[in-house]
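Welcome, and please bring the sequence and the model up side by side.

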Amino acid sequence: MLPEWLDIGPVDQLPALGARTLPVRGGREIAIFHTANGEVYALANQCPHKAGPLSQGIVHDTTVTCPLHNWRISLVTGEALGEDKGCVPVIPVKIDGGRILIGRAAALAGVAA
Amino acid sequence: MTKPHLIVVGNGMAGCRAVEEILARDPARYRITIFGAEPHVNYNRIMLSPLLAGDKAFDDIVINDLAWYADNNIDLVTSDPVVAIDRKIQTVTARSGRVESYDKLILATGSDPFIIPVPGHDLQGVVSFRDMDDVGAMLRAADAGGPDGEPGRAVVIGGGLLGLEAAHGLSLRGMKVTVLHIMPTLMERQLDEAAGWLLKAALEARGQTILTGADTAEIYGQGKVEGVRLKDGREIPAALVVMAVGIRPNVKLARAAGLAIGRGVHVDDHLVTSDANILAVGECVEHNGLVYGLVAPLWDMCRSLADALVATPSGYSGSVTSTKLKVSGIDVFSAGDFSGGEGCEDIVLRDASRGVYKRVVVKGDRVVGAVLYGDTQDGNWYFDLLKRQADVAEIRDALIFGQAFASGGAASANPNAAVAALADDAEICGCNGVSKGKVVGAITGGAVTLDAVRSCTKASASCGSCTNLVESLLAITLGDAFDGERSAPTVCKCTSFTHEDVRRLILEKQLKAIPQVMQELHWTTPDGCSSCRPALNYYLLCAWPGEFVDDNQSRFVNERMHANIQKDGTYSVVPRMWGGVTNPKELRAIADVAEKYEARMVKVTGGQRLDIFGIKKEDLPAVWADLNAAGMVSGHAYAKALRTVKTCVGSEWCRFGTQDSTGLGIKTEQMTWGSFMPHKFKIAVSGCPRNCAEATIKDFGVICVDSGYELSIGGNGGIKLRGTDFLCKVTTEQEALDYCAAFIQLYREEARYLDRTAPWVERVGLEYIKQRIVEDAAGRAALTARFHQSQVFLQDDPWAKRAAGEDYKLHQHLAEIRPAPRTLEMA
């Protein structure tokens, strides 16, 4: 049976208040974010507005500001905040023994079988 | 009839507390045997810190002495850990070979310190901070001292609660302590960034060295510890290394016995394991997916366990935990979830003069988390509200001020009403000693705006923390006549300060780090936002050249990547071409790069440079390396900085040229490149009044004429086209350069972040700038000197550093997922 969670490496590879990317062959790229508190979140690396690479935005609190047009996206729900409307897929993440695990099903959603 | 035999494995806090709870319910129910691995009676492990610090002796931290075991007929077996359980015949075997049979068995095996398996972790002098033996080793190291009578050096790996307590104890014992913490802030599980930063500053003030983001590569030494080497190459000499990076449940015995294990021993709501006759309690268990490393949940568990074994089963439903730092003299408290998230709102209070930071996280009128630094008096009150899930809608406005204030009735729940209730002689502004009566007097006397009150009473004019109080007084006194508007905008919604206030206070209060500015200036969010962070980063960079360490995460992506992000997420790259001049070698390098990295377009920019489009983030360092190899450096086309100096060919080629405009353009660019500014900055030098370089729509323009150089400022293309204002005329090239440097520095020091020169010049007025640059020769010279001083630190090529491997991770993927059969590849 395939594992439910994928180990994508140690937490210390993520800069604080920063993000890194995780390409998925045949699927959409994932952005992994690190907040000031050391929390880790993952979203599809595409702003719901004009598909801006969210991984390149400024992270503050539990939000990221898209680098293209400053939409603010919640890292927790993937929803656009403020006046903007839209949602980006959230990929479940957990930390175990200092390693980042992401939900396989959500990560591979949309990959051609 | 013989009583059933209850065996407890573990003579620590959980095991003995469980026994106490059972005895309290029915002292005659069981015959009890306790096995312990250590030679001691039951002691309070959380008091190891005071023991190390010398505040307590071992006798002070004993919970139950030998008499307690005797009085309760408990058979205590010390220094003989249980090594096996036979569940079929219900026996345990100890290391000595002793076998005992049980009717009920309680596992209270606690947890083991986590030892990072770096090279050298087994050297003599590497200890954990878990039991009496560890404390003994630490005390011996402290007593031994260093060579030549110097204090001994210790490294503590781990900046969590345990590590900081160990470091504190060792400092008090006279050792020179360095704390290595892999995360960017201390105690990141309990504290947010702001509180972690304050804690770090306080510990450093006590003489400890705190290195965050410090990743241990190895512990070195011949036979015994001599020091620690970090992955970045730094070496910290030490005779003692304390590993305090965490604990993990000790499940060895349970696993060997075949019990269900997750991260800890699985237990149900009655602390029963997968075997009905075996219970488990304390740090070794996993309940409902959670493992606890604090003492409070242990008490909850022991109560439920005793209920299950003796009285009516009550059931354990998990614990909400809070943490108080036990390092004496530093008050830190945290409880619940302070990581925020959807629907959560932060209420933040920063009182710089008292060194207080408080943050309460509220979700749907319920408190879900709290972090307190400097004043933890209300910690228990917040924790109680949190545990009770109390509705705080009524007291929400006053919640952050604490229990005394918030519970003071309806009057104080409304901040305006609370201010209205103050006596006339109550102090409003602590910095300038201004009373409420004086502020109200000023308002009734005609000072109807915040600025007016500031200028006639001084209230809120210094640190500004009373600004909200003054605004309340304006609102109360003027009623509807108070429009609530301030004349200058605040930096962003995180603060009530204007850009000008922030810039002035950074200098006055000598603020040198972003968290320090946020604390001292009472920011109302924990780590700012995407508007204020880049602004603060710039203001600090400008105020403290060479001293302030740039915060990469507070820069917009273009500056973080040293390239321009484009709509498809690729980047474009502009190498510098001094004065717009190039040569075959540079052109060849650009052509090669464009081909090699499959650039989709090469375009001439408006500033006479070549822009290479469609470069992938991961290729950027290689592109820069190739361009560097041809002698080209970053064009800063992405930065809030000097972009280009546009030129015409001037007297060297042109029939009409009066001066060497190309040469002056190159000199100007070589002087000004790399200079970070509030916004992008463009310069042009035209060789004659025909103005082919379009110098009159640049931030700084030079028009060469027969008799010298006409200088003009504040122009730009952009949405609102603006031609320059004439500043002055000078006669020599050197003067043109000096005035240029002075103007840039004035702009750097006084404009608001993201203001280009045009709106800034319009706001402050041309006369003001002429007065500072043209009329005040000494002032101009000082500005020029400050500009050159900051350039010493700013003029280095960011591309070269990246091409050499700095921050390489920014350009790489973390890993790659390839759907089955090969599922994952590490970067």
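**A residue and the sheet beside it**

B:Asp375 is buried, with a relative accessible area of 13%; buried means under 20%, exposed over 50% and partly exposed in between, using a 1.4 Å probe and protein chains only. This is a predicted model, in which local features need pLDDT of at least 70, side-chain atom pairs count only at pLDDT 80 or more, and totals for chains, interfaces and linings use all residues. Residues are numbered from 1 along each chain as its sequence is written, chains are lettered from A and ligands numbered from 1 in the order in which they are written, and side-chain values use heavy atoms, leaving out hydrogens and water.

To find B:Asp375, look in the loop that runs between strand S25 (366-373) and helix H10 (379-388) of chain B. Helices (H or I, at least four residues) and strands (E, at least two) are DSSP runs, numbered from the N terminus. Leaving aside residues up to four places away in sequence, B:Asp375 touches B:Arg354, B:Val356 and B:Lys358, where contact means heavy atoms within 4.5 Å.

Now turn to the sheet. In chain B, five strands form an open sheet in the order S21-S22-S25-S24-S23, with antiparallel pairing; two strands pair if DSSP finds at least two bridges between them. At the edges are strand S21 (322-324) and strand S23 (344-351) of chain B, each pairing on one side only.

Strand S22 (residues 332-336) of chain B is joined to S25(B) by five bridges in the antiparallel sense. Here B:Ser334 stands opposite B:Val371 in S25(B).
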